[in-house]
Amino acid sequence: MKNFLHFGYLQAISCIFPVIIFGALALSKIVSIPYLPRYDFILIICIAGQIFMLISKLETWDEFKVICLFHVIGLALELFKTYMGSWSYPENAYSKIGGVPLYSGFMYASVASYICQAWRRFDLHIYHWPPSISATIMGALIYFNFFTHHYFFDIRWFLKALLLIVFFRTVVSFRVKEKVYKMPIVLSFLLIGFFIWIAENITTFLGAWQYPNQEQVWSIVHIGKISSWFLLVIISIIIVVQLKKAKNGSALVR
């Protein structure tokens, strides 16, 4: 029981930045500032939250660099997906580019923040990580499929089968107090994707963005979106792992 409670505590600490975003969404739902659009208000809180994370040393500068990379990756995906009508940001804002408010990049960055924080706090180690070229190609194929499936075949099921082959032997270990646990890394991808889907339901309810079927009245995000988050999590972890390998060699990834 003590380990379980400590596990919950470490998870909560690792989720500080996502919680800041949830707080901004909830607060902006009930508080209106004259002449300051809601999306801009959220952006200000997100920037302040990021500064707080750095000043308080809850986040390291290396982690901040990774998070900045996710801002770029996420914003590119957002610009394309809103253009294609996959979802929309209906409210006005000064900080909108191509119909996408800049705070949206922080939502992707929050995923990276969680991964980096959890890695450090749970003392993560990965065993039997595939060759870097295989992992990089896998991540690139998944990312580009988010774009290309609008024009060509959607190969996500092929990619899922392929990742089972590529990551078949890969295991992640994590420490809770003195106890070390292990699980297949594909299972960890799925679990994180599931919890992000739950978070997505909360954020769409709070008006962070909306899908076409939510324009008139809010409804639960289709369960199939777990698949999309599952794949996005894989991209995120591949990027973090490859950056850690470049910096730390084989100390954390074997």
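A residue counts as buried under 20% relative accessible area, exposed over 50%, and partly exposed in between. Keep those cut-offs handy as you click through this predicted model. Our theme is salt bridges: a search of the whole structure finds five, and we will visit some of them.

**Stop one: Glu91 and Arg38.** Select both side chains and you will find them meeting in a salt bridge, 3.3 Å from N to O. Now colour by secondary structure. Glu91 sits in the loop between helix H4 (61–83) and strand E1 (96–97), while Arg38 belongs to helix H3 (residues 38–55), so the pair ties together parts that are 53 residues apart in sequence.

**Stop two: Asp62 and Lys65.** Move to helix H4, where Asp62 and Lys65 are three residues apart, separated by about one helical turn. They form a salt bridge whose closest N and O atoms are 3.8 Å apart. How exposed is each partner? Asp62 counts as partly exposed at 34% relative accessibility, whereas Lys65 reaches 55% and counts as exposed.

**Stop three: Asp154 and Arg156.** Finally, select Asp154 and Arg156, whose side chains meet in a salt bridge with an N to O distance of 3.0 Å. Is Arg156 buried or exposed? With a relative accessible area of 15%, Arg156 is buried, because the cut-off for that class is under 20%. Asp154, at 36%, is partly exposed.

Conventions
Residues are numbered from 1 along each chain as its sequence is written. This is a predicted model: local features need pLDDT of at least 70, side-chain atom pairs count only at pLDDT 80 or more; totals for chains, interfaces and linings use all residues. Side-chain values use heavy atoms; hydrogens and water are left out. A salt bridge is a side-chain nitrogen of Lys or Arg within 4 Å of a carboxyl oxygen of Asp or Glu. Helices (H or I, at least four residues) and strands (E, at least two) are DSSP runs, numbered from the N terminus. Buried means under 20% relative accessible area, exposed over 50%, partly exposed in between (1.4 Å probe, protein chains only).
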